[in-house]
Amino acid sequence: MTDSAIDGDLDPATVASWLRRHPDFLADYPELADALVLPTRNGPATSLAVHQMRSLREKNAELDTRLRELSTVAGENEKLMRRVHGLMLALLSAGGIEETVRSVVRRLTDDFQSERVRLVFFGDLAGLPDEPWLLRESRGSAGLPEFASFLEHGEPVAGRLAPEKLHRLFGAEADEVRSAALMRVGPDAMLAIGSLDADRFHPGMGTLFLDMISTTVGSAIQRARKAA
């Protein structure tokens, strides 16, 4: 049968459809892999075998890059886990409410390299130290209308806060804060961490470690209150 006869019987779409249903066809006719050529985006046409080898190398390079990225993330997560563990141990050994809140701020500042830390209390204000990083709201949560939605839901928030929230939390330093994380810590307090880096806290980041910090600090505050 001549090539012209074959061309007259089969159209390219039929050939392509048949090959999709028989992906192992070239395993029975390996010589065709060297005979077939494929166009490339940059450069001359290449054989199917060379094309497959090149494609395999690209995929391997992508996998290697992804593996390095996952390894980096795993290393960073391990460091964060160790810091959270250190925070837990420090708070377990803390005594009263003053020592507890001081330990929170010290650990977040030193171990987590947090540039701006604020603890806001809107419930029991007894025993709290007079420090610029501790804010009191004697009217309770009603005195924090800017945070009404956050306090209602209680889930950690990360990203860029509205100007009125930044001003309430950081006062004269509000303009320096480019991103922040906000956490509810117990029934009558919240914790804010501000950063000069706009990318440190963002809405797309995971909140696992923020949840852990929130739970740890909230439990420590409640324990210190009960022990008083």
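Colleague: With which residue does Glu98 form a salt bridge, and how far apart are the closest N and O atoms?

Modeller: Before the case, please keep in mind that this is a predicted model. The general idea is that side chains of opposite charge can pair when their charged atoms come close. Here the partner of Glu98 is Arg102, and the closest N and O atoms of the two are 3.1 Å apart. Both residues belong to helix α6, which covers residues 97-110, and because they are 4 residues apart there, about one helical turn separates them. Glu98 is partly exposed, with a relative accessible area of 37%, and Arg102 is also partly exposed, at 29%.

Colleague: How many salt bridges does the structure hold, and which parts of the chain does the pair of Glu173 and Arg116 link?

Modeller: The structure holds 11 salt bridges. In the one between Glu173 and Arg116, the N to O distance is 3.3 Å. This pair links distant parts of the chain, since Glu173 sits in the loop between α8 (163-170) and β6 (179-184), while Arg116 is in strand β3 (residues 116-121), 57 residues apart. Glu173 counts as partly exposed at 27% relative accessibility.

Colleague: Is Arg116 itself buried or exposed, and which residue does its side chain meet in the salt bridge of 2.5 Å?

Modeller: Arg116 is buried, because its relative accessible area is 17% and the cut-off for buried is under 20%. The salt bridge of 2.5 Å, N to O, brings the side chain of Arg116 together with that of Glu176. Arg116 lies in strand β3 and Glu176 in the loop between α8 and β6, so this pair ties together parts that are 60 residues apart in sequence. Glu176 is partly exposed, at 37% relative accessibility. Through shared partners, salt bridges join Arg116, Arg118, Glu173 and Glu176 into one network.

Colleague: Turning to rings, how many aromatic pairs does a search of the whole structure find, and how should I read such a pair?

Modeller: A pair of aromatic rings is described by the distance of the centres and the angle of the planes. The search of the whole structure finds 1 aromatic pair, and it is formed by Trp18 and Phe25 in an edge-to-face arrangement, with 5.3 Å from centre to centre and 85° between the planes. Phe25 is partly exposed, with a relative accessible area of 22%.

Colleague: Where is Trp18 found, and which residues form a nonpolar patch on the surface with Trp18?

Modeller: Trp18 is found in helix α2, residues 12-21, and counts as partly exposed at 35% relative accessibility. On the surface, Trp18 forms a nonpolar patch with Leu10, Val15 and Leu19, and together the four residues have about 320 Å² of accessible area. For the chain as a whole, the accessible surface comes to about 14200 Å², of which 55% belongs to carbon and sulfur atoms.

Colleague: How should I read the place of Leu135, and with which residues is Leu135 in contact beyond its neighbours within four places in sequence?

Modeller: Leu135 has its place in strand β4, residues 134-136, and is partly exposed at 23% relative accessibility. Beyond those sequence neighbours, Leu135 is in contact with Arg118, Leu119, Val120, Phe121, Arg168 and Leu169. The C-alpha atoms of Leu135 and Leu125, which are 10 residues apart along the chain, are separated by 9.8 Å.

Colleague: Which totals describe the chain?

Modeller: The chain has 9 helices and 7 strands, and of its 228 residues 32% count as buried. Among contacts between residues at least 6 apart in sequence, 52% join residues at least 24 apart.

How values were computed: Residues are numbered from 1 along each chain as its sequence is written. This is a predicted model: local features need pLDDT of at least 70, side-chain atom pairs count only at pLDDT 80 or more; totals for chains, interfaces and linings use all residues. Side-chain values use heavy atoms; hydrogens and water are left out. Rings of Phe, Tyr and Trp (its six-membered ring) pair if their centres lie within 6.5 Å; planes under 30 degrees apart count as stacked, over 60 as edge-to-face and the rest as tilted. Buried means under 20% relative accessible area, exposed over 50%, partly exposed in between (1.4 Å probe, protein chains only). Helices (H or I, at least four residues) and strands (E, at least two) are DSSP runs, numbered from the N terminus. Patches are made of residues with over 30% relative accessible area and no salt bridge: like charges are joined within 9 Å, nonpolar side chains (Val, Leu, Ile, Met, Phe, Trp, Tyr) within 5 Å. Accessible areas come from the Shrake-Rupley method with a 1.4 Å probe; for residues, only the protein chains shown count as cover. Contact means heavy atoms within 4.5 Å.
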